[in-house]
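Let's explore a protein model together, one question at a time. Have a look at it first, then read on.

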Amino acid sequence: MKIDILSLFPDMFTGFLNTSIIKRAIDSHIVEVNIHDFREFADNKHKKVDDYPYGGGQGMVLMCQPIVDCLKTLTTPKSLVILMSPQGQTLQQSVSVQLAQYEHLIIICGHYEGFDERIRDYVDMELSIGDYILTGGELASMVVCDSIIRLLDGAIRETSHEDDSFSEGLLEYPQYTRPYEYDGNAVPDVLLSGHHENIRQWRLKQSLLKTYRQRPDLLEKKELTKEELKILQEIKENN
């Protein structure tokens, strides 16, 4: 996969691209990530990329020309152009899975008060990471990239993300490691039993219980199996 990111602050990505799983995926040629400073495409003497909004109002608005000209050097028939925007659809695990299937993503990071509306004519998708406002789209784009890159073949072991929260529409079950007991709190004995079916059932129940308590809205969206419905009914009767 290739990811091109348009930003006014390319230095913000230095740590992100040179750390942990992202760095390993880049070094292994699983993904190529390029950062483009679209200020370099401004066609005016002072490399200005924003201007006052027509009709008045607070702040400055990003101009079409630098962003669109940068896009034109990158876009191919296989590209999906994403605009990071609080007005976009909210990032979900299912969206990350969908985006991980593309060969080429182009992500536009905004700044200042907003975009010239005409920039949207060159965008395939608007994406948000939540209902709040950031100073720019850089941090949001890193979240999007991280959520996608970890899903690519070879980035991490497939089994490492198969049971992630939201992968099956539920929150992930509790995880434990050594020591067996810490501060009076012991690891559930079922996890040491070696009985794979009992462990599977325990994890499923804990996953449903955690989702029921913390994100009941997810249960309304998920099509539950007969086993899950039975366990959920038991949970409701005991809580």
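Leucine 134 is partly exposed, with a relative accessible area of 34%. This is a predicted model, in which local features need pLDDT of at least 70 and side-chain atom pairs count only at pLDDT 80 or more, while totals for chains, interfaces and linings use all residues. Residues are numbered from 1 along each chain as its sequence is written, and side-chain values use heavy atoms, with hydrogens and water left out.

Q: Is leucine 134 buried, exposed or partly exposed?
A: Buried means under 20% relative accessible area, exposed over 50%, and partly exposed in between (1.4 Å probe, protein chains only). Leucine 134 has a relative accessible area of 34%, so the word for leucine 134 is partly exposed.

Q: Where is leucine 134 placed?
A: Helices (H or I, at least four residues) and strands (E, at least two) are DSSP runs, numbered from the N terminus. Leucine 134 lies in the loop between strand 8 (125–128) and helix 5 (138–149).

Q: What is the order of the strands in the open sheet of 5 strands?
A: Two strands pair if DSSP finds at least two bridges between them. The pairing in this open sheet is parallel, and the order is 2-1-6-5-8.

Q: Which are the edge strands?
A: An edge strand here pairs on one side only.

Q: How many bridges join strand 1 to strand 6?
A: These two strands run parallel. In strand 6, leucine 105 is the bridge partner of isoleucine 3. The number of bridges joining strand 1 to strand 6 is 5.

Q: Which residue in strand 2 is the bridge partner of leucine 6?
A: Strand 1 and strand 2 pair in the parallel sense over 6 bridges. For leucine 6, the partner in strand 2 is histidine 36.

Q: Why is strand 1 largely enclosed by the rest of the structure?
A: Burial gives the answer, so let's look at the count for strand 1. Strand 1 is largely enclosed because the buried residues number 5 of the 6.

Q: How many residues of helix 3 (residues 64–72) are buried?
A: The buried residues of helix 3 include Cys64, Ile67 and Leu71. They pack against several strands, among them strand 1 (2–7) and strand 5. Helix 3 is mostly covered, and its buried residues number 7 of 9.

How values were computed. Contact = heavy atoms within 4.5 Å.
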